[in-house]
Amino acid sequence: MCGIFCYYGKENTFETIREGLKKIEYRCHDSCGISVSNGNTETVRSLNSPDNLKLPSISSIQMGIGHTRWATHGEVSIPNAHPHVYNHQSLVHNGTIANHNKIKEEIKSLGFDTIGDTDTECFAALTSHLGSLSESLKRITDRYAVAWMTRSKMFISKDRMSLYVGQYKDGFLVCSDLSVLLEYTNKIMELKDKKCYKICWTNKELVFKTHKQSKQIEENNTEDTFMMQEILEQPEIIEGIYNKKRTRYHQSFSFGPTCIIGSGSSYYAGLIGKFMEVANHVICASEIDSYDLNQYRTFDPYEPNVLKALIISQSGETADCIRAIESISNYNHGGGAVEEIYSLTNNLQSTIGKSTMAIDLLAGPEKSVCSTKTFTAQLAHLMMCSYMDKDKYLPEKIQIILDNRNIIEGIPVSNNIIFIGKGSQYPIALEGALKMQEITYLPALAFPAGELKHGPLALLDESWTVVCLAPEDDNYKKMLLAAHEVKARHAKIIAITSGEEMKQLADYTIELPKTSEIESTILTAVVVQLLAYYKAKKLGRNIDRPRNLAKSVTVE
Ligand code: AGP
């Protein structure tokens with residue numbers, strides 16, 4: 001999603017910012033721009049990659065602000081890209097401004113008649129009119145990260161979104177992505193919410209602390225996509241998690257009534273948490289506003305109030321999850337409230353990581369938009385929260401699947417795809433369909449196997465592929481029934497199984513190593529990742545950066 005990268009410094013300023021923007025490209029964007037100043041300001045903007053930005057014509061540049069935009073208000077276009085410039089003052093902004101229409105009316109009445117479609121333009125014009133970022137921020141009620149550059153100074157501020165400053169060469173870097181900033185410097189300053197910071201050559205206020213370097217992805221890996229690289233890392237990551245001691249948060253979360261909240265794949269991981277007996281309730285973060293929290297009370301009369309919540313968020317920046325934290329923190333009904341909020345995140349320094357009792361996902365940075373290793377790491381951590389026995393050979397079993405991935409590559413998957421599963425495999429069916437939609441752009445579906453006969457069977461003919469998630473668990477026999485129904489409608493069956501009867505029915509089999517019922521979800525998750533990956537590859541899709549999506553979804 002949107003990203004900010006600024007440099008208050010004189011050494012190769014434009015190129016430094018352009019390189020910084022390229023490093024945050026993995027978060028996904030549709031347009032970008034940079035404003036630089038040597039006392040006069042020049043701004044360049046373009047669609048797509050920062051490589052498309054023209055070099056500015058001014059020399060002796062002293063500073064600049066840059067941005068990658070992911071469209072929310074207003075279409076993808078160069079005029080809608082940041083920075084927005086009024087009176088030689090440029091502004092870049094992450095977040096959305098709900099009251100921008102009101103600001104727009106006011107600003108227009110003041111003579112700013114060039115305001116286009118975006119909320120940020122209103123904010124930029126207002127800031128320029130007031131001549132003060134701190135004054136204009138008083139009018140913004142939403143979460144934000146912002147940088148504003150006048151002819152000689154830079155001002156930055158944030159509220160419940162990420163923005164960091166680091167000491168770099170002769171000056172300072174400002175970036176919304178900590179892992180990117182750490183590639184330049186470990187002298188980092190954390191900004192306080194709602195405080196406005198001024199950066200200028202005489203500035204003495206900024207205080208920097210040495211920050212621990214996070215683990216970086218090997219850039220010289222032989223795999224041609226981050227997604228495949230990240231899929232292949234899974235045995236090592238799961239081994240690392242299983243070999244670590246349970247933290248005090250793993251232990252304390254798993255005691256008493258609990259609720260798990262997440263979005264997308266993280267929500268599906270949460271659904272599996274219910275089968276691991278670590279949660280009574282699982283809620284999709286984007287639904288929490290409309291969700292009646294009183295349902296907690298009626299669900300189990302002997303446990304009248306849910307007292308603990310676990311937010312699962314790889315990025316730790318998902319806006320729906322942050323909103324959910326705000327909602328549940330304010331919830332207090334009948335004397336009970338959500339008293340302890342835990343999180344499972346890959347970024348302890350993120351907004352969610354810092355505002356909750358955070359468990360480190362320990363998956364290393366994930367660059368592909370499509371979650372793979374972080375999803376299975378989430379499942380492994382949920383296992384660590386539970387008291388179930390763990391299969392110490394699980395990493396080897398994942399490795400067996402990976403070593404045989406050429407079999408999965410060779411399986412033809414049609415363009416009409418349904419994933420089916422039962423019990424704890426149903427969330428993996430959902431995850432498989434999500435992976436498939438995300439990177440192939442095909443309308444893949446997922447159903448609990450028993451639901452086929454209640455409607456979806458009408459779809460099936462020989463043009464469909466049905467992926468059956470069928471470990472030999474308590475649901476296996478029912479999965480066989482569903483597979484028979486599919487076979488009778490001439491759809492092709494891909495079975496992920498170790499069961500002989502299922503293999504007989506299937507057109508294609510992906511051999512599933514045996515493990516506990518619940519840990520089978522980690523194995524089948526790896527298989528559905530590979531199925532989606534190879535289908536997307538055959539279709540020539542941009543696997544790491546699928547259209548319209550962002551790695552970190554920082555708007556509601
Ligand atoms: C998964 O492949 C997706 N990219 C997406 O559904 C993701 O899981 C979701 O946006 C939640 O992200 P988070 O874990 O960073 O909160």
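Modeller: A definition comes first: a nonpolar core is a set of buried Ala, Val, Leu, Ile, Met, Phe, Trp, Tyr and Cys residues joined through side-chain atoms within 4.5 Å. Please also keep in mind that this is a predicted model.

Biologist: Which residues touch the most other members of the largest nonpolar core?

Modeller: They are Ile 260, Phe 419, Ile 496, Leu 530 and Leu 531, in a core of 72 residues. Helix α19, residues 520–538, supplies the largest share of this core, with twelve residues.

Biologist: What is Leu 531 in contact with, leaving aside its neighbours within four places in sequence?

Modeller: Leu 531 is in contact with Ile 408, Val 413, Met 436, Val 467, Ile 494, Ile 496 and Ile 510. There is also a second, separate core of 23 residues, and Leu 21, Cys 175, Val 180 and Leu 182 are among them.

Biologist: Let us change topic. How many aromatic pairs are there?

Modeller: The count is eight aromatic pairs. One of them joins Tyr 168 and Tyr 184 in an edge-to-face arrangement, with 5.4 Å from centre to centre and 85 degrees between the planes.

Biologist: Where do Tyr 168 and Tyr 184 lie in the chain?

Modeller: Tyr 168 is in strand β9 (residues 164–168), while Tyr 184 is in the loop between α5 (178–181) and β11 (187–190). The two are 16 residues apart, and their pair links distant parts of the chain.

Biologist: Are Tyr 168 and Tyr 184 buried or exposed?

Modeller: Both Tyr 168 and Tyr 184 are buried. They also belong to one aromatic cluster together with Phe 5 and Tyr 7.

Biologist: What about Tyr 249 and Tyr 342?

Modeller: Tyr 249 and Tyr 342 form an edge-to-face pair as well, at 5.8 Å centre to centre and 80 degrees between the planes. Tyr 249 lies in helix α8 (residues 248–253) and Tyr 342 in strand β19 (residues 340–345), so this pair ties together parts that are 93 residues apart in sequence.

Biologist: Why does Tyr 249 count as buried?

Modeller: The relative accessible area of Tyr 249 is 18%, and buried means under 20%. Tyr 342 counts as buried because its relative accessibility is 1%.

Biologist: Which Arg residues lie over the face of a Tyr?

Modeller: Arg 246 lies over the face of Tyr 387, at 4.6 Å from the ring centre. Arg 547 lies over the face of Tyr 441, at 3.9 Å from the ring centre.

Biologist: Now the open spaces. Which residues are the closest to the centre of the second largest pocket?

Modeller: That pocket holds about 580 Å³ of space. The closest to its centre, of the 26 residues that line it, are Ser 263, Gly 264, Ser 265, Glu 438 and Val 553.

Biologist: Which element gives the most to the lining of the second largest pocket?

Modeller: The element is α9, with five residues. Ser 265 has its place in helix α9, and Ser 265 counts as buried at 7% relative accessibility. Leaving aside neighbours within four places in sequence, Ser 265 is in contact with Ser 371, Phe 375, Gln 378, Glu 431, Leu 434 and Lys 435.

Biologist: How many cavities of 30 Å³ or more are there?

Modeller: There are four cavities of 30 Å³ or more. The largest cavity has about 90 Å³ of space, and its lining includes Cys 2, Arg 27, Glu 317 and Thr 554.

Notes:
Residues are numbered from 1 along each chain as its sequence is written. This is a predicted model: local features need pLDDT of at least 70, side-chain atom pairs count only at pLDDT 80 or more; totals for chains, interfaces and linings use all residues. Side-chain values use heavy atoms; hydrogens and water are left out. Rings of Phe, Tyr and Trp (its six-membered ring) pair if their centres lie within 6.5 Å; planes under 30 degrees apart count as stacked, over 60 as edge-to-face and the rest as tilted. Helices (H or I, at least four residues) and strands (E, at least two) are DSSP runs, numbered from the N terminus. Buried means under 20% relative accessible area, exposed over 50%, partly exposed in between (1.4 Å probe, protein chains only). A charge sits over a ring if NZ of Lys or CZ of Arg is within 6 Å of the ring centre and within 35 degrees of the ring normal. Contact means heavy atoms within 4.5 Å. On a 1 Å grid over the protein atoms alone, a cavity is a set of points where a 1.4 Å probe fits but cannot get out, and a pocket is an open set with protein on both sides within 12 Å along at least five of seven lines; lining residues have an atom within 4 Å of a point. Grid points are joined across faces, edges and corners, and a volume is the space filled by probe spheres set on the points.
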